[in-house]
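The exercises below are meant to be worked with the sequence and the three-dimensional picture side by side. Try each task before reading the solution that follows.

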Amino acid sequence: MKKTPSLESRVDYALILPVFFLLLIGIVSVYIAVSQDYPHNVASIVGQQLIWILLGISFAFLVMLFSTKFLWKMTPILYVLGIGLMILPLVFYSPTLVASTGAKNWVTIRGVTLFQPSEFMKISYIVMMARSIVTFQKKHPVKTLQKDFQLIGYLTIWTLPVLLLLYFQKDLGTSLVFLAIFSGMVLLSGVSWKILLPTFLTMVVLVGGFLLLFIAPGGTTFLHNMGMDTYKINRIAAWLDPFKNAKSTTYQQAQSLIAIGSGGLTGLGFNKTNLLVPVRESDMIFTVIGEDFGFVGGVTLIGLYTLLIYRMLRITLQSNNRFYTYISTGYIMMLLFHIFENIGAAIGVLPLTGIPLPFISQGGSSIISNLIGVGLMLSMTYQYTLSNEQRYTKSRAYKKITIKRIER
């Protein structure tokens, strides 16, 4: 007699395993960073990180149990709620924090910084985009160039409010994350290369033209007069020449490169950090891994991310559900952009944007948001396994009825 499948049998442990090790590396890295920079606050900061992880796991478990139908119905509500939350930092913010970061992206009430709404909006946005693509494709099954333009316009309607709010928050880094999600989902939706190729080439020309203008004599002054923020100019300048003003505007980038370089092959050892790198517990957490655990530590981290992405792709192919496929695409694009941008900025390949490293950086909003995304991926496996069980049960019931009829 076949036993009734338990909840544990529907959980994808192959997905949970790399996430577990990434979270473990994150806790160790945050501990090292905090013990060096804020030795009197180690217990409180690391304790907070553990609480956020537990909260994130709880949300992930809850989301895993969402049925496809329930998630579909909840999507517009989640999107509207996310937009509402993103308005809050424009009203409730810390002038001190804005002065240091240049962005109004954190909700601060009575001096207490609570959360970053844009982190949660990423998940709401991904699910809303997935629902929109599936809805459009069902209404317009025949693909044409005109329909592709209509689809892009349809998706832009959901994207513009987010980008507009991020513009007012002056959060360029997070805007790039949403654009990466948008690009990945549009690409997977099957939009014609006749649209994608000219768009890509236009972006290359614009970025190249901007960089040429930036390095031209008087270019930064012109850009500043045109309204570009000073902190953005400093970050690009630090990327192009990190050691030019290593004691002032490019200090963070220069220290990051020196710290990672000093780690060598195997690192200096656990908690042997020697250099001061600003905000290394969050945006610059990779410098801790590079300095303490060296090239081996960095490769191990990237290997875990690769394993995680691979498992997500396997789940996506297995689910055979368009709604989940687009959700998975958006989430994978979000993770990939965060990983490449954060590590790329730390090693000097890309400019600093203040984007956290998934599952590693200190910060509740990022940790909880990323774990909710993991919950969505777990839900794909859970619903797929559940549907298979239901089909098996129906098949057995049908066979029993057929046998009884034959016996009669």
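On a 1 Å grid over the protein atoms alone, a cavity is a set of points where a 1.4 Å probe fits but cannot get out, whereas a pocket is an open set with protein on both sides within 12 Å along at least five of seven lines, and lining residues have an atom within 4 Å of a point. Grid points are joined across faces, edges and corners, and a volume is the space filled by probe spheres set on the points.

The model is a predicted one, in which local features need pLDDT of at least 70 and side-chain atom pairs count only at pLDDT 80 or more, while totals for chains, interfaces and linings use all residues. Residues are numbered from 1 along each chain as its sequence is written, and side-chain values use heavy atoms, with hydrogens and water left out.

**Exercise 1. Find the largest cavity, give its volume and sort its lining.**

Begin with the count: the structure holds one cavity of 30 Å³ or more. The volume of the largest cavity is about 50 Å³. For the sorting, Ala, Val, Leu, Ile, Met, Phe, Trp, Tyr, Cys and Pro count as nonpolar, Asp, Glu, Lys and Arg as charged, and the others, Gly among them, as polar. The lining then divides into four nonpolar, three polar and two charged residues.

**Exercise 2. Describe the second largest pocket, and say which element gives the largest share of its lining.**

The second largest pocket has a volume of about 400 Å³, and 17 residues line it, with L78, F120, I123, S124 and I372 lying nearest its centre. Two or more lining residues come from each of the elements α2 (42-64), α3 (68-91), α5 (117-139) and α14 (364-407); helices (H or I, at least four residues) and strands (E, at least two) are DSSP runs, numbered from the N terminus. The largest share, five residues, is given by α3. By class, the lining holds 15 nonpolar and two polar residues, and no charged ones.

**Exercise 3. Follow α5: what is its span, and how many of its residues are buried?**

Helix α5 has 23 residues and reaches 33 Å from its first C-alpha to its last, close to the 33 Å expected at 1.5 Å a residue, where the expected span is 1.5 Å times one less than the number of residues. For burial, the cut-offs are under 20% relative accessible area for buried, over 50% for exposed, and in between for partly exposed (1.4 Å probe, protein chains only). By this scale α5 is mostly covered, with 19 of its 23 residues buried. Q137 is found in this helix and is buried, with a relative accessible area of 16%. Taking contact as heavy atoms within 4.5 Å, and leaving aside neighbours within four places in sequence, Q137 meets S189, R322 and Y326.

**Exercise 4. R110 and F359 both have a positive phi; is each of them buried or exposed?**

R110, which is not a glycine, has a phi of about 55 degrees and sits in the loop between β1 (107-109) and β2 (112-115). R110 counts as exposed because its relative accessibility is 85%. F359, also a residue other than glycine, has a phi near 70 degrees and belongs to the loop between α13 and α14. F359 counts as buried, since its relative accessibility is 1%.

**Exercise 5. Which residues touch the most other members of the largest nonpolar core?**

A nonpolar core is a set of buried Ala, Val, Leu, Ile, Met, Phe, Trp, Tyr and Cys residues joined through side-chain atoms within 4.5 Å. The largest has 81 residues, and V162, M312, I327, Y331, L335 and F359 touch the most other members. Beyond four places in sequence, L335 touches L308, I309, M312, P358, F359 and N370. In helix α13 (residues 322-346) lies S328, which is buried at 1% relative accessible area. With the same exclusion of sequence neighbours within four places, S328 is in contact with M312, T316, M377 and M380.

**Exercise 6. Where is T68, and what does it touch?**

T68 has its place in helix α3 and is partly exposed, with a relative accessible area of 23%. Although T68 and Y324 are 256 residues apart along the chain, their C-alpha atoms are separated by 8.4 Å. Not counting residues up to four places away in sequence, T68 touches N321, F323, Y324 and Q383.
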